[in-house]
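Have the model open and try each task before reading its solution.

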Amino acid sequence: FATRPYIPRGARYEDWEDAYNYGIAMREQFLNLTWEEAEPAVREGWQKQPHPPTLNWEGARPAIQDAWDHHRSAFTPAGDRAATTTGHRPVAEELR
């Protein structure tokens, strides 16, 4: 987590956890879309949710996309859930 280029020095994982969880959830919702195709809907959904002012879309976007990209590996190329996927926890822990 702390080595990600978008994370400011001294930041706590808990401050970014909502963005990571949201990215994971959106990846599952838009399983058959690329990030570029889904981003407008992902952004709209984020902007409608309450979150700390420091995590506006521009601030949260890199973390959301990072979680999206990491969670992609939990799915096969055909879009089927891999047998090892058991929910959000493994990806969230990987980003920690």
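A salt bridge is a side-chain nitrogen of Lys or Arg within 4 Å of a carboxyl oxygen of Asp or Glu. Please keep in mind that this is a predicted model.

**Exercise 1.** Decide whether K48 and E44 form a salt bridge, and find where the two residues lie.

*Solution.* Start with the distance: the closest N and O atoms of K48 and E44 are 3.1 Å apart. The cut-off is 4 Å, so the pair counts as a salt bridge. Next, the location: both residues belong to helix α2 and are 4 residues apart, about one turn of the helix.

**Exercise 2.** Classify K48 and E44 as buried, partly exposed or exposed.

*Solution.* K48 has a relative accessible area of 65%. Exposed means over 50%, so K48 is exposed.

**Exercise 3.** Work out which parts of the chain the salt bridge between E39 and R61 links, and how accessible each partner is.

*Solution.* First, the contact: N to O, the side chains meet at 2.5 Å. The pair links distant parts of the chain, with E39 in helix α2 (residues 35-48) and R61 in helix α3, 22 residues apart. Then accessibility: E39 is buried at 15%, whereas R61 is partly exposed at 24%.

**Exercise 4.** Locate the partners of the salt bridge between D66 and R4.

*Solution.* The closest N and O atoms are 2.6 Å apart. D66 sits in helix α3 (residues 57-72) and R4 in the segment before α1 (13-29), 62 residues apart. Both D66 and R4 are buried.

Notes. Residues are numbered from 1 along each chain as its sequence is written. This is a predicted model: local features need pLDDT of at least 70, side-chain atom pairs count only at pLDDT 80 or more; totals for chains, interfaces and linings use all residues. Side-chain values use heavy atoms; hydrogens and water are left out. Buried means under 20% relative accessible area, exposed over 50%, partly exposed in between (1.4 Å probe, protein chains only).
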